[in-house]
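Biologist: Hi! Could you show me the model, and then we'll chat about the sheet and a few backbone angles?
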Amino acid sequence: MRLVNATPKSGAYDLYGVTDVATIASNIQYKSASAFTQIFVGTGSRTFAIRKPGTTTNIATVAITPTAGRMYSILSYGIDGATGLRAPKVTFFTSRFQSPQ
């Protein structure tokens, strides 16, 4: 799991695992990406949020059901501080799938 910060005016964001109550990536600046960090896959959906560093307020969240062996990127976009359609949002994509066996 990693965070790609594509949110103008954001300064920096943390990627927070709401389900696991843990910070996954810290202080990721606009136009930057964190390194990949291994997460617990478990069963079912897991929720992730972006936050301003040092705060506990979720700016935007996304829920995914991770699969073992895959690598995911959480992408932040929108305009920091905006509301409505321009508000910050997060989505995810699979960066690497499992190798065929």
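Modeller: Strands here are DSSP runs of E, at least two residues, numbered from the N terminus, and two strands pair if DSSP finds at least two bridges between them. This is a predicted model, where local features need pLDDT of at least 70, side-chain atom pairs count only at pLDDT 80 or more, and totals for chains, interfaces and linings use all residues. Residues are numbered from 1 along each chain as its sequence is written, and side-chain values use heavy atoms, with hydrogens and water left out.

Biologist: Thanks. In what order do the four strands of the open sheet come?
Modeller: The order is β3-β2-β5-β6, with antiparallel pairing.

Biologist: And which strands stand at the edges?
Modeller: β3 (22–29) and β6 (60–64) do; each has a single partner strand, so one side of each has no neighbour in the sheet.

Biologist: How many bridges join β2 and β3?
Modeller: Five, linking β3 to β2 (residues 12–17) in the antiparallel sense. Within that pairing, L15 has A25 of β3 as its bridge partner.

Biologist: Switching to phi: what is the value for V21?
Modeller: V21 is near 50°, which is positive, and V21 is not a glycine. Most residues other than glycine have a negative phi.

Biologist: Where does V21 sit, and is V21 buried or exposed?
Modeller: V21 is in the loop between β2 and β3. Its relative accessibility is 60%, so V21 counts as exposed (buried is under 20% relative accessible area, exposed over 50%, partly exposed in between, with a 1.4 Å probe and protein chains only).

Biologist: What about N27's phi?
Modeller: N27, also not a glycine, has a positive phi of about 55°. N27 lies in strand β3 and is partly exposed, because its relative accessibility is 46%.
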